[in-house]
Amino acid sequence: MTSPLPTRLRDGDLAVETRGLTKRFGDQVALNDVSLQVPVGAVYLLVGPNGAGKSTTLKVLLDLMRADQGTAEVFGLSTRERAPEVRANVGYVPERPDWGYGWMRVGRLLEHHALYYPTWDASYAEKLVQKFELRLERKMGVLSKGQARRVHLTMALAHRPPVLLLDEPTDGLDPLMRDETFGVLADHLAESQTTVVLSTHHVEEVERLADHIGVLRSGELRAQMSRADLDAGLRRYRVEVPDKWPGVASLNGKVLRRVTAPREVQWTVWGPETEIVQKLSSAGGTVREVVPLSLLDATLALLNPND
Amino acid sequence: MLISLDPQDTRPIYVQIVDEVRRALVLGTLGPDDPLPSVRDLAVKLRVNPNTVSQAYRDLERQGMVYVRRGQGTYATPGQTDGVERRTLADGVAQRALHDARRNGLGVNELIDAIRNHDNHRQTEESL
């Protein structure tokens, strides 16, 4: 008996859903049968190494890119057939802003952007401009990466869309501004009913915000679950073992990591704690410690390439 | 009352918030009928998902430590039998200490002796 990593959520209303998304670039598979489920109101963290398919997934959700197979929906609207409606409901911070507004001043760009969104909240936009210390007279083309990111965050948040897709939202920001950004996000979530899909390499920053996690590796969705399930099911076991210990046959769980040293072994296992402790003890080990993992450690374990 | 979270603490965040409020009630930094920060303010301050703060406040309400005035906010319940809260806090401290002791291969008695010795030592130093 082993417990495979869950890749499907329990039933509930979904804000974003993909079914069997597959995308190839030449002979390279960017997405392989990805079925994402993002519940309404969730803060969903999409993690994975570079090239795992995070940005591609977000682009498909906005119909900026089309999948070879599979479907994607935002609030039940096909992203392919109802793209304009979908975009009206989404605030997006791209990983690489590569569109041609370099000549435009920040202030002008915000005005321009506001025209497309009937729900644009001008006083909120003004507040964000202050929080993010935007300089409206500067041209987009001369902004640093971090400055451009703050402009995009303002554009994404100020129309209070029901869905936010944030691709590395704090990339290029200094530590103070990163911290400020999460304050702004927490405030935003308290004020507006919002579903967030967020990708970041700085997992520790969203430890206290993310309530769902999806783990992408080489284009495959390796695990997908709520934070509550993750917290309940994943543990690190530190065990003292006798000399020349033969080991344990099966642990009733999925072993994600195993670190051995003389007379001591540490396992990171997805599975039922009581049964795993029992197995370890009856195999002659002394379980010294059973601890839950931080979101960052959990991510590293779930991404473990040795399997 | 100040609420702060320990990044090393791996307990769920709502549990940590509940414990911080319990601590403030026992210490008296949160007095009877004092208001708690709004969900929004606390979420922003701690950079925490507002749903997590709501969950903590619901839990506090369920345990009778706070009460809600509709449309106004959340307040500390007066006349709390703080003996109960003190015991809950002590229980938590004991649990963490035991966990750490076990991790280091120490037994309960060894731990208790060490605490006594340490405290005696500290008192002697203070009286010098």
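**Chain B and the helix α2(B)**

Reply: In chain B, 58% of the contacts with a separation of 6 or more are between residues 24 or more positions apart. The model is predicted. Chain B holds 5 helices and 2 strands. Read from the N terminus, its elements follow the order α-α-α-β-β-α-α.

Now the overall form. The radius of gyration of chain B is 18 Å, whereas a compact globule of 128 residues would have one near 14 Å. The C-alpha trace of chain B spans about 50 × 30 × 25 Å along its principal axes. Of the 128 residues in chain B, 23% are buried.

Chain B splits into domain 1 (13–76) and domain 2 (82–127). Their C-alpha centres in chain B are 28 Å apart. The contact between them joins 5 residues of domain 1 of chain B to 6 residues of domain 2 of chain B. On the domain 1 side of that contact in chain B, 2 residues are nonpolar, none is polar and 3 are charged.

Next, the helix itself. Five names stand out in α2(B): Val39(B), Leu42(B), Ala43(B), Val44(B) and Leu46(B) are buried there. Their cover includes α6 (175–191) of chain A and α3 of chain B. So the buried residues of α2(B) have cover from both chains, with burial here meaning 20 or more other C-beta atoms within 10 Å. After α2(B) comes Arg47(B), with a positive phi near 55 degrees.

Between the chains, 16 residues of chain B are in contact with 17 residues of chain A. On the chain B side, α2 (39–46), α3 (50–62) and α4 (82–103) each give two or more residues. α2(B) gives the most, with 5 residues. By class, this side of chain B has 8 nonpolar, 4 polar and 4 charged residues.

The largest nonpolar core has 98 residues. Those with the most contacts inside it are Tyr44(A), Leu165(A), Val197(A), Leu198(A) and Ala43(B). Ala43(B) is also one of the buried residues of α2(B). In soluble globular proteins, nonpolar side chains tend to be buried together.

Leu165(A) gives a view of that core from chain A. Leaving out residues up to four places away in sequence, Leu165(A) touches Leu58(A), Leu61(A), Leu62(A), Val90(A), Tyr92(A) and Val197(A). Val197(A) is itself among the core residues with the most contacts.

Last, the partner chain. Chain A is divided into domain 1 (14–229) and domain 2 (232–302). The C-alpha centres of these domains of chain A lie 36 Å apart. Their contact takes 10 residues from domain 1 of chain A and 7 residues from domain 2 of chain A. On the domain 1 side in chain A, β11 (220–226) and α7 (227–233) each supply at least two residues. That side of domain 1 of chain A has 6 nonpolar, no polar and 4 charged residues.

Terms used. Residues numbered from 1 in each chain as written. Chains lettered and ligands numbered in written order. Predicted model: local features only at pLDDT ≥ 70, side-chain atom pairs only at ≥ 80, totals over all residues. Domains from an automatic or database assignment. Contact = placed C-beta atoms within 7 Å. Helix = DSSP H or I, 4+ residues; strand = E, 2+ residues; numbered from the N terminus. Nonpolar A, V, L, I, M, F, W, Y, C, P; charged D, E, K, R; others polar. Core = buried A, V, L, I, M, F, W, Y, C linked by C-beta atoms within 7 Å. Buried ≥ 20, exposed ≤ 12 C-beta atoms within 10 Å, placed from the backbone. Rg over C-alpha atoms; globule rule 2.2 N^0.38 Å.
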